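Good morning. Please look at the structure on the screen while I talk.

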Amino acid sequence: MNAPFPSPARAPMTAAEKVLAAASGVLSVRPGDVVSPDPELVIIHDGYVESAYNELSQLGYKRIWRPERVVFVTDHEVAYASPASALRGTRIRRIAREWGITQFYDAGRGGHGHLFPLEQGLVRPGMFLSCYDMHCTNFGAVGALAVAAGAEIVSVLATGSVWEQVPHTVRILLEGQQGAGVMARDVGFHLSTLFAAGKLPAAHDNRIIEFSGDYVERLPLAGRVALCNSLTEIGVANVWFTPTASDLGKGGIGVTGDADAHYEATLHVDISHLAPQVALPGGPQFGVDVDEVAGTHVDHAYLGACGSGMYEDFASAAAVLRDRAVARHVRFFVVPGTVATVQRLANDGLLQVFQAAGAIVLPPGCGPCAGGVMGPLADGETSISTAATNHAGRFGSKTAQAYLGSPVTVAASAIAGCIADSRSLTLSPKGAR
């Protein structure tokens, strides 16, 4: 970090506010303050490198600010499907050389840019980052704060920073024991739905959501990532978890809020009676109990993406799939989030479970969630997946219907050939696809 974390005696702050203050070189910040934080890392994916380069070149910039802090990630189009795509890959490599980018995770080198930095310790607790893509909020799962600059990332590349307004923080205490067939992704859909429908006594738009509570204390990193990812789609500014001892084992600083820090609201949510959720086409904020849509025909299923692309997500789905077969009419795409996850699934025999069931394993990265560049939907088809979102055209055709579910719900649906509750799945005998 550029400065030590400010003394709590200066002003009570939440953990996220402390990170922003430290990155901005000030003793304390409050909601509404405008700061210019200095990111430790700047992450850009392959879908925006060329645009950033062209824009800066037109402005006369031949070099970027502190290239040693800039990370290029190829995760949106990792298996070029056309000569044009392959040519774009060569241009990105040329830009990396020209700008002096030393942290370049090209195709096959890292995987999904919102996941492998967590696995490898590239993103660590207490860090402040600036990224192009909104789903960088995943990094809140280990107590890091990453702000999605979007197209303003060119300002960060040119000058080293861009201004930010300090958001309010809403604290949510998640309590209770999750039921059978329920995963953190279900909790994320549920909270997104409650927020969007105005059923929680707090605003969410452009707020930092800080999670705690006994449910959170039991969540593995994959579960925390799932919660970060689900809420990002409804417009929160960021998501924050206090890092665990395991997170801190990879380095970093465990930042916690002051006891008298100000929260805009504190909510208590009990998830004990929550049923598995399915998000209807349109977004994670349209969650319903799986029973309401069970039996809906599906042509396409997809497991992966930045909200459900970690090892534990695939292990849970593999437990449902083992010794069962994907329905004959379903194309089931499995996209491990990272190269390390593929290797671990292979070593543990879980990759074989997916392949034996009839799933199609794609290379690590975004998979169909990146606009359907791989495994797209055709007009009129229906999908269920663990993608980040499911608005019209997300996986190709704008007339297709895309539902979202947890890894086990998606696996159960791929077997049944229709949206299914993993708790009540009638097993298909092996070979009856």
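First, the ground rules. This is a predicted model, in which local features need pLDDT of at least 70 and side-chain atom pairs count only at pLDDT 80 or more, while totals for chains, interfaces and linings use all residues. Residues are numbered from 1 along each chain as its sequence is written, and side-chain values use heavy atoms, with hydrogens and water left out.

The chain is divided into domain 1 (15–166), domain 2 (169–243 + 258–270) and domain 3 (277–425). Those bounds come from an automatic or database domain assignment.

Now a sheet of five strands. Its order is E4-E3-E2-E5-E6, the sheet is open, and the pairing is parallel. Helices (H or I, at least four residues) and strands (E, at least two) are DSSP runs, numbered from the N terminus. Two strands count as paired if DSSP finds at least two bridges between them. Strand E4 (103–105) and strand E6 (145–148) are the edges, each pairing on one side only. On average, neighbouring strands here are turned by 20° against each other, direction ignored. For angles in general, axes are lines fitted to C-alpha atoms, for helices over the stretch in contact, and the angles run from 0 to 180 degrees between N-to-C directions.

Strand E2 (residues 41–45) and strand E5 (residues 128–131) are joined in the parallel sense over three bridges. Leu 41 has Leu 129 in E5 as its bridge partner. Helix H3 (residues 83–99) packs on the sheet and touches strand E3 (70–73) and E4, with a direction at about 170° to that of E3. Contact here means heavy atoms within 4.5 Å.

Next, a sheet of four strands. This one is also open and parallel, in the order E10-E9-E8-E11. Its edge strands, each pairing on one side only, are strand E10 (238–241) and strand E11 (265–270). Neighbouring strands are turned by 25° against each other on average, direction ignored. Strand E9 (residues 208–212) pairs with E10 in the parallel sense over four bridges, and Phe 211 has Phe 241 in E10 as its bridge partner.

Which helices lie across E8, E9 and E10? One is helix H1 (residues 15–24), running at about 110° to E10. Another is helix H8 (residues 221–232), which runs at about 160° to E10.

On to domain 2 and domain 3. Their centres, taken over C-alpha atoms, are separated by 23 Å. In domain 2, 18 residues are in contact with 24 residues of domain 3. The two domains bury about 1700 Å² between them, 63% of it on carbon and sulfur atoms. Buried area is the accessible area (1.4 Å probe) that two parts lose on being put together, summed over both. Met 183, Arg 185 and Phe 189 lose the most area on the domain 2 side, together 34% of what that side buries.

Last, salt bridges: a side-chain nitrogen of Lys or Arg within 4 Å of a carboxyl oxygen of Asp or Glu. How many are there between domain 2 and domain 3? The count is zero. The whole structure has 12. One of them joins Glu 50 and Arg 91, with the closest N and O atoms 2.4 Å apart. Glu 50 lies in helix H2 (residues 49–58) and Arg 91 in helix H3, so this pair ties together parts that are 41 residues apart in sequence.
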